[in-house]
Amino acid sequence: MAVAGDDGGELIVGDVTHTGGRALAVGLASSADGEGRPVVGVGWVEQGERLELTLDEAAALRDELTRIIDDAARA
């Protein structure tokens with residue numbers, strides 16, 4: 001697994017070594033939420049599937065991932 005950045009400012013995580021590898025792209029989406037705030041997009045590279053999260057949802061996901069990582073580090 002690798003972590004890389006692309007020209008569009010997204011973080012790419014996963015198999016980026018060859019075409020067709022499974023990797024996630026995370027970055028700001030071109031759309032905004034109902035209050036005009038930026039939306040965070042998470043999706044599979046080259047798959048066209050994308051989940052858009054509000055900033056509050058993205059923060060909750062970040063907090064949960066941090067908790068999981070911290071728990072795993074203590075195990």
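Predicted model: local features only at pLDDT ≥ 70, side-chain atom pairs only at ≥ 80, totals over all residues.
Asp 71 and Arg 74 stand three residues apart in helix H1, and are therefore separated by about one helical turn. Helices here are DSSP runs of H or I of at least four residues, and strands are E runs of at least two, numbered from the N terminus. The two side chains form a salt bridge, with their closest N and O atoms 2.6 Å apart; the term denotes a side-chain nitrogen of Lys or Arg within 4 Å of a carboxyl oxygen of Asp or Glu.

Residues are numbered from 1 along each chain as its sequence is written, and side-chain values use heavy atoms, leaving out hydrogens and water.

Asp 71 is partly exposed at 33% relative accessibility, and Arg 74 is exposed at 63%. Buried means under 20% relative accessible area, exposed over 50%, and partly exposed in between, with a 1.4 Å probe and protein chains only.

Let us turn to Arg 37. Which side chains meet that of Arg 37 in salt bridges? One is Asp 33, at 3.1 Å from N to O, and another is Asp 56, at 3.5 Å. Arg 37 lies in the loop between S3 and S4 and Asp 56 in helix H1 (residues 55–74), so this pair ties together parts 19 residues apart in sequence. Asp 33 is buried, at 15%, whereas Asp 56 is exposed, at 52%.

Finally, Asp 33, Glu 35, Arg 37 and Asp 56 are linked in a network of salt bridges.
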